[in-house]
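This report covers side-chain contacts, surface charge and residue positions. The sequence and the model come next.

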Amino acid sequence: VWGNAEDGYEVNNQCVEAEDIVIADDATDADIINYLQLAGYLNTNETSLFEVEDNGDFIEICVKETGMPLYELRRNVA
């Protein structure tokens with residue numbers, strides 16, 4: 001991730017970590033963060049540090065304080 005909190009961020013690289021993550025339609029932001037913690041993608045149990053932004057085709061997990069993106073979950077509609 002390039003950038004900073006003042007000027008904004010740009011993701012400069014993407015890769016596929018997993019293709020079998022299923023998120024229920026009624027999952028809350030806390031549910032998504034908890035799942036990522038259990039799966040080992042977030043190394044803290046402090047859910048209040050993160051926010052979830054649903055952008056339609058993808059869900060972005062960001063650091064709440066800075067807005068820096070950490071993960072992007074893309075919807076795969078088969």
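Asp-25, Asp-26, Asp-29 and Asp-31 form a negative surface patch. Patches are made of residues with over 30% relative accessible area and no salt bridge, with like charges joined within 9 Å. Asp and Glu count as negative, while His and the chain ends are not counted; the place of a charge is CG for Asp. Accessible areas come from the Shrake-Rupley method with a 1.4 Å probe, and only the protein chains shown count as cover for residues.

The model is a predicted one, in which local features need pLDDT of at least 70 and side-chain atom pairs count only at pLDDT 80 or more, whereas totals for chains, interfaces and linings use all residues. Residues are numbered from 1 along each chain as its sequence is written, and side-chain values use heavy atoms, with hydrogens and water left out.

Helices (H or I, at least four residues) and strands (E, at least two) are DSSP runs, numbered from the N terminus. Asp-31 has a relative accessible area of 41% and is therefore partly exposed. Buried means under 20% relative accessible area, exposed means over 50%, and partly exposed is in between (1.4 Å probe, protein chains only).

The count of salt bridges comes to one, where a salt bridge is a side-chain nitrogen of Lys or Arg within 4 Å of a carboxyl oxygen of Asp or Glu. Its partners are Arg-74 and Glu-72, with 2.8 Å from N to O. Glu-72 is partly exposed because its relative accessibility is 27%.

One aromatic pair is found in a search of the whole structure. Tyr-41 and Tyr-71 make an edge-to-face pair, because their ring centres are 5.7 Å apart and their planes stand at 75°. Rings of Phe, Tyr and Trp (its six-membered ring) pair if their centres lie within 6.5 Å; planes under 30 degrees apart count as stacked, over 60 as edge-to-face and the rest as tilted. The pair links distant parts of the chain, 30 residues apart: Tyr-41 is in the loop between helix H1 (29-38) and strand S3 (50-54), and Tyr-71 is in strand S5 (residues 69-74). Tyr-41 is partly exposed at 23% relative accessibility, and Tyr-71 is partly exposed at 27%.

Three further residues have C-alpha separations to another residue, as listed here.

| Residue pair | Apart in sequence | C-alpha to C-alpha |
|---|---|---|
| Glu-60 and Asn-76 | 16 residues | 15 Å |
| Ser-48 and Ala-30 | 18 residues | 8.7 Å |
| Val-11 and Met-68 | 57 residues | 9.4 Å |

Glu-60 belongs to strand S4 (residues 58-63) and is buried, with 15% relative accessible area. Ser-48 sits in the loop between H1 and S3 and is partly exposed at 40%. Val-11 is found in the loop between strand S2 (8-10) and H1; a relative accessible area of 38% makes Val-11 partly exposed.

How values were computed: Patch = residues over 30% accessible without salt bridge, like charges linked within 9 Å, V, L, I, M, F, W, Y side chains within 5 Å.
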